[in-house]
Each structure stands twice: as structure tokens, then as C-alpha cells.
Amino acid sequence: MKRLFTLIALTLLIYNARAQERIILLNEGMWQADNGRLSYFENGAIVSNQWFRDKNGYKLGDTPNDIIQVNENLIAIAINWSNIVQFIKPDGTAVAATEDIPNNRRLCTDGKYVYVTSYGHECGTLYGFTWYFNKGFVAKIDLSTFKVIAACEVGYEPEGIALYKGHLFIANTGGYAEQEGDHGFETTVSIVNAATMQLVKNVDTHVPNLYGEMSQSGRYLCINSPGDYYWTPACGLIFDCEKAFTSNDCFVKFNYPATYNTTTLDGKFLVIGSAFSYLTGQYEFSQLTIEPWTFIKTRGQSGLTHTLPGTLKANFASMDQPYGIYVNPYTGYIYGTDAGSFEGAGYLYQWSPEGQLLGKHKVYINPGHFLAIPPDGYYDGISSLTAEPSSGREETYDLQGRKIDASSLKKGTIYIKDKKKILYNQ
Amino acid sequence: MNYKLNHYYLQAILVTVLAFAVTASASAQNPTDSIKELHEVTVTSKQPVRTIATSQTLGGADLQALSTTSVADALKYFSGVQIKDYGGLGGLKTINVRSLGAQHVGVYVDGIRITNAQNGTVDLGKFSLSSMESVSLYNANKLDYCQSASEYASGATVYLQTRRPTHDSLSVQLRNASFHTWMAKLNGQFNWKGWQGFVDGEYCTSRGDYPFRYQSQYENTTGRRTNSDIRYGRVEAALFKGGFSSHIYYYDSERGCPGGIVRRLSGKYENVGREWDRDFFVQASYQDRFFNKILFKANTKYTNEYLRYCTKYPENQNTARVDNHYRQQDAYTALCAAYQPWSWLSFSTSYDIRYSILKADLKRFDDVKRVDQKLVFAAQMNWHDIQVAASALHQRYSDWTFANAGAAEPLDKWTPAVSLAYTFYGVTLRWWYKEIFRAPTLNDLYYTQVGNRNLKPEDTKQLNLGVEYHLSRKQWSMDVQADIYQNKIENRIVCLPLKGTYTWSMMNYGYTFCRGLNATLKGHYHPGQWNFSLLTSFTWQRDVDRTDPEDKDMYDKPICYSPCFSSGVTAIAGWRTLLFSTSYLYVGERMWSKADPEDVLEPYHNIDMKLSYTHNIKKISLGLCFEVCDVLDEQYEHIPRYPMPGRNYKLTLSFGI
């Protein structure tokens with residue numbers, strides 16, 4: 001009997017050590033119902049569907065839209081209708097919250113700063129005054145103070161944001177075009193220098209409404225366009241950031257929307273889309289795998305297949321309302337969500353990296369955004385730790401992302417400097 | 001695009017007009033018959049089969065004794081009614097009867113329907129009780145001998161009966177209430193040579209800045225409602241003579257549109273949206289009878305509504321900046337005729353036609369015109385103790401628009417209703433069945449980026465079994481009724497996101513099944529100069545989702561916002577002109593999402609009290625009234641995160657001659 005228990009324990013240990021799947025799932029909830037929630041999923045089971053509340057004793061807020069990992073100890077969440085960017089630790093406890101970016105949408109980071117797109121027109125700053133913009137903007141939050149230190153106007157209603165070689169690539173939607181009437185849908189990707197927060201240029205894609213999820217695979221972006229829902233059909237774009245520095249001919253269009261998309265471990269995009277027109281009331285469902293380098297190189301002639309790994313295609317087709325797709329960047333496990341009836345709980349699906357369905361788990365309303373927590377050992381490897389600071393000029397941060405004065409550094413403590421961990425021993 | 005009325009309708013119009021002409025010529029030949037002054041047309045031998053329909057009425061002293069401001073306040077005391085209220089004086093107030101949905105409830109002023117082709121709902125907060133004789137709720141519909149087809153065309157009907165003055169008078173009221181609310185009211189009425197009429201005007205302003213609090217395991221939020229102010233003016237007048245009645249109404253308001261209370265770090269980004277409404281209608285109705293066997297009625301109405309919603313303000317820097325204007329016009333006529341060969345039998349028909357036009361300055365929107373025609377054939381029998389009523393209603397909706405893909409296909413449909421009742425020893429046992437649908441509204445079909453022109457109508461089937469008993473003695477009376485019912489709703493029209501897109505659209509989705517029990521008990525006792533009344537209502541209901549048997553999370557689970565239990569008790573005591581009333585309302589727990597058992601609106605208990613005294617000096621009357629609403633200061637909601645006001649006070653002074 002003892003042996004049997006030992007065997008079971010060992011098996012579980014091996015399984016856990018192998019998988020180490022930890023996912024934070026953002027449930028948007030319903031607009032103005034103040035019921036945005038985090039679900040926490042670990043090794044094949046939902047630990048909690050109100051993880052933020054459990055950890056902090058209060059509610060997350062209304063309609064959270066995006067979640068990213070900033071560094072080992074910091075996660076940022078854009079909570080749209082609460083006008084808050086919430087910072088939490090990977091254990092779920094709240095660290096800080098920034099209110100100065102109303103109607104915030106999507107996030108990206110370089111580990112020192114968090115960049116946030118906003119549909120709003122005003123942005124509060126560290127210095128106590130407010131910037132006003134006619135169109136939308138992208139704001140830069142300094143993690144040492146959790147305050148906005150710079151902002152830059154881009155297009156109307158900017159949505160997806162990605163960082164490549166010190167530049168921010170922002171997909172503009174013009175999503176309020178139908179309501180506001182004083183502008184149309186945007187067709188541009190704005191490029192902003194992340195250091196200076198100055199607009200470098202706008203690349204016109206000639207495709208309206210660059211709305212929704214935007215995945216990044218190195219130099220390539222996968223951008224969705226739902227069209228105008230009437231005459232202009234939905235489509236998708238593969239955007240080459242590297243090429244964009246020198247040429248505006250830096251994207252290739254494909255005739256399927258990329259409503260939900262994600263990046264695989266080998267750099268491909270998995271894409272779920274639906275083209276819809278109010279004129280016909282019909283929609284066309286599509287599921288794609290795109291190899292961006294081939295797709296760009298061949299100008300769209302190859303690199304796109306109507307396949308998804310394993311049973312994903314059939315599983316997504318059977319969902320009531322697909323609401324997200326994600327590949328764990330550390331393990332390759334695949335996740336998808338079904339929002340169901342929108343009144344009831346949605347479901348989280350988990351597949352193996354090969355696409356074998358492993359399970360389906362009840363979560364909360366409108367589960368749409370994922371974040372994988374690195375497996376144990378990901379950050380604490382000595383290989384990623386330098387013994388000395390690489391140069392003396394960069395700022396030093398603690399593991400919570402806070403800026404630390406040179407005079408306050410303690411010997412034997414790990415800090416972040418120049419995007420690397422250092423063991424301070426002076 | 002087909003502007004032609006089909007032959008069927010032309011025939012129907014001819015038949016109805018012919019019936020009208022025959023009755024009119026009969027009237028000319030028998031002048032003595034037409035001299036009669038009729039308040040309401042009734043047959044001489046037997047009352048219309050009133051108890052065959054399930055109805056509840058609040059009228060006269062009972063209505064005045066309640067602490068109510070608007071029609072919505074009064075309706076919450078009825079059994080089977082669920083109120084949706086976004087809070088405050090300015091919040092949209094609609095009712096839902098037996099979980100059919102607000103758009104299945106027809107609201108009628110003196111028998112003519114208040115319509116809103118744009119969204120199909122009527123904001124009951126816009127209608128005052130001061131000019132009303134009674135408020136009645138009919139499940140299915142009222143059953144009179146001569147009714148317009150529109151009166152058969154909704155799942156439940158609310159009748160607002162305007163008061164016909166019996167004497168000349170002039171009165172003024174001034175009110176101060178909590179949350180910086182001021183109201184002034186003027187009413188003048190006359191009764192002269194068979195003509196009766198009144199003019200009623202009201203002006204109200206309120207800051208609506210009531211305090212609220214949310215206390216739970218996860219929050220302790222307190223605050224004061226902002227952007228919840230309202231200013232409105234209402235003027236209406238009515239003129240009656242015999243079978244003729246007319247009504248003119250104008251309402252003008254400006255209000256703030258507060259949002260839901262959600263997590264914010266400060267009050268920095270408040271909602272600033274504002275709404276303006278201007279509603280006008282004029283209506284007239286004439287009814288008469290000839291040869292004691294033929295009844296006819298003609299109704300006509302013109303409505304003009306304007307709505308503006310604006311968030312385009314300098315202080316709004318964080319949400320969409322919109323400034324939209326909507327204009328609706330609506331012209332309506334109905335001709336009804338009934339033939340009563342014997343006192344116990346009647347046949348009736350009615351043809352109604354309504355022309356609506358909606359204009360809006362939305363993008364990708366074009367004017368929408370709708371012609372809505374209705375034709376009904378009905379028969380009623382009231383033979384000895386047996387009562388039977390049956391009707392067949394045909395509705396045809398035709399739209400014209402250049403918006404997007406053009407108009408929806410015309411909608412044509414017949415729906416039946418049948419009622420049976422048997423009375424023994426004063427107890428009436430009734431059974432009725434009704435099928436009816438609601439046509440997709442113009443918003444459902446054509447609204448920019450949401451509308452779906454392929455929508456089917458939302459169908460309902462109602463089945464009811466009830467019992468009613470009246471007892472009346474010299475000093476006291478009692479009225480008790482109980483009904484069990486079953487409703488099925490198919491092809492619900494809901495706004496849903498589309499599979500695999502970020503877009504939302506109106507869709508036909510869902511099937512709900514509802515069973516319930518409504519019961520009311522009323523008692524009145526009048527010893528000497530005292531008056532005592534007790535009004536109670538009780539509702540039990542199980543309203544479940546039957547959409548997808550495969551969906552274990554949703555199938556057979558309760559529908560959101562539908563309480564299992566609700567009840568109300570009102571006690572009124574009066575001595576001469578001193579009146580005290582207290583009412584208690586209980587509404588049970590309601591789910592607001594099916595995702596988590598914690599997503600519930602807590603049950604609430606609402607106690608209101610009212611004390612009033614009128615002092616008469618010769619022909620002058622002076623009145624004072626003090627009301628406390630929500631005595632327990634209970635914090636409750638009808639919509640999650642839209643708190644209702646807690647305890648509040650009203651003090652009213654009145655002067656009349």
C-alpha cells in the first residue's frame with residue numbers, strides 16, 4: 001500500500017512538474033454591472049472564479065479588457081469602464097492602481113514601463129496637469145511611481161498595441177465612427193517611439209476598423225479588421241514591423257478576419273474569425289494557421305492554411321460564442337473560451353500542444369483574455385542572473401517593478417537592471 | 001416596396017365602414033336612441049362578461065390613498081407585476097407582467113393605446129395619476145362588447161381611465177420632497193350642460209442626488225447619485241360628452257442619465273449623458289348604440305415624440321461623444337362595430353390602422369415608415385351562468401425604408417384567444433387561452449449596427465385558470481381572486497453578440513416557460529364616518545429557460561430578474577377627511593445573471609406611509625399630506641448597480657375651490 005501511495009504521489013509530482021500550467025483568465029463580465037472577474041486555473045483545474053476578490057477582499061471593476069505580465073512580480077490589467085489600470089502580483093494581490101487613463105483598452109510593456117491605448121481624450125499625469133487629445137492616445141506608465149509620465153495622440157479609438165525594437169505599433173479602429181459621426185473608421189497603424197513618446201508615422205493599411213485582438217510574433221503582427229459591418233468586408237493583416245521602419249508597403253492582407261488570434265511557440269498565428277454583414281445577416285466562420293514570414297515573403301501566396309492543431313477546429317465550431325484563443329508561451333498548451341449565452345457562465349477549454357482536448361472548465365461571464373504565469377523555475381534560473389550591473393546608467397528596480405534609488409540598494413538582494421536580474425553584492 | 005393594401009384588407013375596411021354606415025343611418029332614423037348620454041356603453045340586461053378576464057383595478061379612494069407619484073408606482077401593488085426601474089424620478093420605469101416582457105404590455109389611455117414604434121416600451125413615469133379615475137391591469141386583454149383590434153393585440157393590458165369631472169373645481173398643489181424636489185400642480189375642471197372637461201398641469205424639478213450604499217463581503221461603497229436630476233412639465237386636457245371623449249397631452253422633460261455604480265478610484269469620470277423628451281398626443285373617441293342591438297366606436301389619435309440623447313460635452317473626455325435626435329410621428333384610426341342579436345350574445349369586429357414614421361440622425365439610418373393594420377372578429381356569450389368569449393386577430397405590419405438592406409418582409413399573422421367562465425353561488429370559475437405576438441420594433445429591425453431585418457415576431461401562448469368571488473353588503477365588501485397560469489414565449493427578441501465576432505445584433509433566441517399563481521384579496525368596511533380598506537396581492541412564479549436541453553447550465557434555470565415570490569399589503573384607515581395609509585411590498589430574490597449563484601438582487605421590503613388631512617371651509621378646501629417612502633431605508637435595486645432611493649419624504653399642500 002505504501003508503495004502504491006508513493007507511486008501515485010510520484011506520478012502526480014511528475015505530472016505537475018511537467019505541466020505547471022497556470023493561467024489567469026480575465027472575465028469581462030457585463031458592462032456597468034461591476035462584475036469583471038479573474039479566474040485562476042492551475043494544472044487542469046479552476047482554483048477560483050473570483051480570484052481577485054479572494055486575494056484582495058474587493059472587486060476588480062467593470063469590464064476588464066486586457067492582462068499582461070510586466071515582470072516576474074508584476075501583472076497589469078486594463079479595466080475599461082472603471083478607468084483603472086490595476087497592478088497585481090502573480091499571487092493575485094493588488095499592488096497599485098492608476099486612474100489617469102480613462103477608457104483604457106490594451107497594454108504592452110518593456111518591463112520598465114507599461115503602455116496603454118485609450119479611446120478617451122484626456123490623460124492625467126504625474127505632474128498634476130491633464131493632457132487633452134482630439135483623437136485617442138497611448139499613455140506611458142512609469143512603474144516606479146505607477147503614474148503616467150508621457151502620452152502621445154494616435155488615431156481615433158486606438159486598440160491593439162505591441163512593442164518592437166523600442167517602438168510601439170498601435171492599431172487604430174475609429175470604433176466610435178458610427179456613433180460620433182465626425183470621423184470615419186481609421187485605417188492606420190501608428191508607430192510611436194517608446195522612449196520619446198513621439199509619433200514616428202502612420203502606416204495606412206487601407207483597411208478600416210483595426211479592432212480586436214492583435215498578436216505578435218517577433219517582427220510580425222496579426223491584425224483583425226471586422227470591416228464596417230455593411231459594405232466593406234472583414235479581413236486580416238500580417239504586418240511586418242521591421243519593414244515598417246523603412247517602407248509603408250509592410251503588410252499583406254488576407255480575406256478572413258482575425259477576430260481572435262494568438263501566437264504559437266514556433267511563431268505561427270492561430271486565427272479564429274467570423275465575417276459578418278448587417279446587410280445580409282450572414283456570417284462566415286474561418287479558422288486559420290498562418291506562418292507570417294512565409295505569408296509576407298510570398299505576398300500572401302502561401303503560408304496560410306485552413307487548419308488548426310488536433311481537434312481545435314471541431315471544438316471551436318461547436319462552441320456557442322467563441323471568445324478567445326491563447327497559447328501558453330512557456331509550455332505550448334492551447335486555451336480557448338466560449339462565452340455561451342452571455343447571461344451565463346462561459347467555459348475555458350484546454351488542449352495539449354498537439355491540439356488534443358484535455359478539458360472544459362466553467363468560468364464566468366465573457367472570458368476573453370488570458371495570461372500564463374511562468375512555470376516554477378522560469379525566472380529563478382541563474383542563467384538569467386548577472387552578477388554585476390551591466391552598466392551604471394540604467395535605473396534599478398525591485399522585483400515588484402518599483403524604481404530603487406542607488407543609495408537604497410541592499411547587498412545580497414536581487415534587482416532588475418537593464419531588463420536583466422542582478423544580484424547586488426557591492 | 002409595396003404601398004398597396006392587399007385586397008383582404010380592402011374588404012375588411014369596406015365591411016367595417018359599411019357596418020359603421022349602417023349604424024349611423026340607423027341612428028339618423030331613431031333620434032331618440034342617440035340622445036342617450038353614455039359614460040361607458042353597457043348592455044341593458046347583463047354586464048359585459050367582466051369576470052371572465054383576469055383583472056385588477058385600483059381606483060377612487062384606494063388609488064388616492066397610496067403613496068404614489070406615477071402610474072408605475074401604482075402598478076407595483078398589482079399581483080404578477082415586475083417593475084423595472086433605473087432609480088430616481090428620472091429613471092426609465094417599465095413593467096413586465098407575468099414575465100412576458102415589457103414590450104408585451106400595452107398601455108391604454110381611455111381605450112387608445114400609447115405606442116412607441118421605435119422601441120415598443122412605454123415609460124410609465126411620464127403619466128401622472130392626478131387625472132386618473134382608475135388604473136387597471138388585464139392579463140391577456142379586457143373583454144368588452146365593442147373593442148378596437150389594438151386592445152386585443154398585447155399579452156397584458158394596462159388601462160388608464162381618465163376621471164370625468166362631476167362638478168366645477170380648481171385646485172393647486174405644492175410639494176417639497178427629498179433630494180431637492182419641488183413640484184407644483186394645477187387642476188381645473190368643469191361639468192356644464194353634459195360637457196365635462198379638465199385641464200391638468202404639473203411642473204417638477206428634482207436634483208435626484210440621493211445617497212446610496214453597497215455593503216457586502218467585497219465592498220463598502222457609499223455615495224450620492226450624480227447626474228440624476230430631472231425637470232419636467234406636463235399639461236393635459238380632456239373633454240367628454242356622452243359617448244364622446246377626447247384627450248390632449250404634452251410632456252417636456254430634460255434629465256441626466258446616471259450610469260451604474262462601478263468601481264472607480266475617484267469621482268473624476270462621471271456620466272454626463274443627458275436626455276430630452278417632448279411627447280405630444282391628441283386623441284378622440286366616439287361610441288354609441290342603436291336599436292339597442294348595434295354598438296359602434298371610432299377612435300383616432302395623433303402622436304408626435306421627440307427624443308434627444310447627448311454626451312457631447314466638454315467635460316466628457318472619456319466616452320463616445322454623441323448627439324442623436326429621434327423623431328416619431330404616429331397616426332391611428334380604429335372603427336369598431338358590434339351586433340347583439342340577443343342580450344346574451346354579441347359579435348364584433350374592428351379594423352385599426354396605424355401609420356408611424358421614425359426619423360433619426362444616426363449614421364447609416366434612413367427614415368422608416370410602418371403601416372400596422374389589425375382586424376379582429378370577436379364573439380361573446382353571456383348565457384345564464386355561462387360566459388364565453390372568443391376572438392381571432394389578424395395583424396399585418398409593412399415597413400418601408402432605404403436604411404441599409406431595406407425593409408423587412410411584411411409580417412402577417414392570425415392569433416386566437418378564447419375564454420370560458422361559469423358562475424355558481426357567486427363564485428366564478430374562469431379559463432382562458434391566448435396566443436399573441438409582439439412584432440419586432442423599428443429599433444430591433446433597423447437600428448444602426450444592431451438591427452436585424454430578418455427577425456421573426458416574438459410569440460407568446462398564455463393559459464390561465466382562475467376563480468373569483470365578490471361579496472358586497474351594506475357596510476362592507478370583499479373581493480377575492482386567484483389565478484394559476486402558464487406562459488410560453490418563443491423566438492425571444494434579444495440582443496446577442498454574433499458567433500466569432502465582436503459585433504452584436506438583434507436575434508431571435510430562446511424559449512421561456514413560466515408557471516405561476518396570482519392572488520388578490522380586497523376588503524372594504526365603512527362603519528359610519530370611518531373607512532377601512534385592506535388590499536393584498538400575492539405572486540408565486542417559476543419562470544425558466546427552456547431554450548437548449550443540451551445546455552445543462554441554463555436549461556430549466558430561472559430567468560433573470562424574475563422573483564419567485566412577491567407580495568403587497570396596503571391598509572387604509574380614514575375618518576371623515578383624515579386619512580392614513582400604509583403599504584408593504586415584498587419582492588423576493590432575483591437572479592441577474594446565471595453565471596454565479598452570488599449574482600442575485602437581494603430581496604427587499606418596502607414600507608410607505610401616508611397621512612393626509614383636508615379641511616373644508618365652505619367651498620374652500622385646504623389639504624396637507626405627509627408621506628414617508630421606504631420607511632426602513634432599505635437599499636435595493638431593480639437593475640444591478642442602479643440603486644433605488646432609500647428613505648425619502650414628501651410634504652404636499654393643496655388648495656381647492
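Colleague: Which residues have the most contacts inside the largest nonpolar core?

Modeller: In soluble globular proteins, nonpolar side chains tend to be buried together. Here the largest nonpolar core has 113 residues, and those with the most contacts inside it are Val114(A), Tyr115(A), Val116(A), Val138(A), Ile238(A) and Phe239(A). A nonpolar core is a set of buried Ala, Val, Leu, Ile, Met, Phe, Trp, Tyr and Cys residues joined through C-beta atoms within 7 Å; a residue is buried if 20 or more other C-beta atoms lie within 10 Å of its own, exposed if 12 or fewer, and partly exposed in between, with C-beta atoms placed from the backbone. Apart from that core lies another, of 66 residues, among them Phe78(B), Leu124(B), Tyr332(B) and Tyr397(B).

Colleague: What should I keep in mind about the model and its numbering?

Modeller: The model is predicted, so to speak of local features requires a pLDDT of at least 70 and side-chain atom pairs count only at pLDDT 80 or more, while totals for chains, interfaces and linings use all residues. Residues are numbered from 1 along each chain as its sequence is written, and chains are lettered from A and ligands numbered from 1 in the order in which they are written.

Colleague: With which residues is Val114(A) in contact, leaving aside its neighbours within four places in sequence?

Modeller: Two residues are in contact if their C-beta atoms, placed from the backbone, lie within 7 Å. By that criterion Val114(A) touches Val70(A), Ala76(A), Val85(A), Leu107(A), Thr109(A), Ile141(A) and Leu143(A), once the neighbours within four places in sequence are left aside.

Colleague: In what order do the four strands of the open sheet in chain A stand?

Modeller: Strands of a sheet pair through backbone hydrogen bonds, either parallel or antiparallel. In this open sheet of chain A the order is β18-β19-β20-β21, with antiparallel pairing. Because β18 (214-217) and β21 (251-254) of chain A stand at the edges with a single partner strand each, one side of each is left without a neighbour in the sheet. The twist averages 20° from one strand to the next, where axes are lines fitted to C-alpha atoms (for helices over the stretch in contact) and angles run from 0 to 180 degrees between N-to-C directions. Strand β20 (235-240) of chain A pairs with β21(A) over four bridges, and Phe239(A) has Phe251(A) in β21(A) as its bridge partner. Helices (H or I, at least four residues) and strands (E, at least two) are DSSP runs numbered from the N terminus, and two strands pair if DSSP finds at least two bridges between them.

Colleague: Which way do the residues of β27(A) point, and are they buried or exposed?

Modeller: In a regular strand the side chains alternate between the two faces of the sheet. From β27(A), Ile334(A), Gly336(A) and Asp338(A) point one way and Tyr335(A) and Thr337(A) the other way, and all are buried. Strand β26 (322-327) of chain A pairs with β27(A) in the antiparallel sense over five bridges, among them the one that partners Tyr326(A) with Tyr335(A). These two strands form a hairpin with six residues between them, and Gly332(A) in the turn has a positive phi of about 85°. β27(A) also pairs with β28 (347-351) of chain A, antiparallel and over five bridges, with Ile334(A) opposite Trp351(A).

Colleague: Which strands flank β34(B)?

Modeller: Nine bridges join β33 (604-617) of chain B to β34 (620-629) of chain B, which run antiparallel, and nine bridges join β34(B) to the antiparallel β37 (648-656) of chain B. Ser621(B) shows both pairings, standing opposite Asn616(B) and having Gly656(B) in β37(B) as its bridge partner. The hairpin of β33(B) and β34(B) has two residues between the strands, and Lys618(B) in the turn has a positive phi of about 50°.

Colleague: Where is Ser99(B), and is it buried or exposed?

Modeller: Ser99(B) lies in the loop between β3 (93-97) and β4 (105-109) of chain B and is buried, with 23 other C-beta atoms within 10 Å. Its phi is near 60°, a positive value in a residue other than glycine.

Colleague: How many residues of chain A are in contact with chain B?

Modeller: In chain A, 51 residues are in contact with 43 residues of chain B. α3 (177-180), β23 (269-276) and β24 (283-290) of chain A each supply at least two residues of that side of chain A, and β23(A) gives the most, with four residues.
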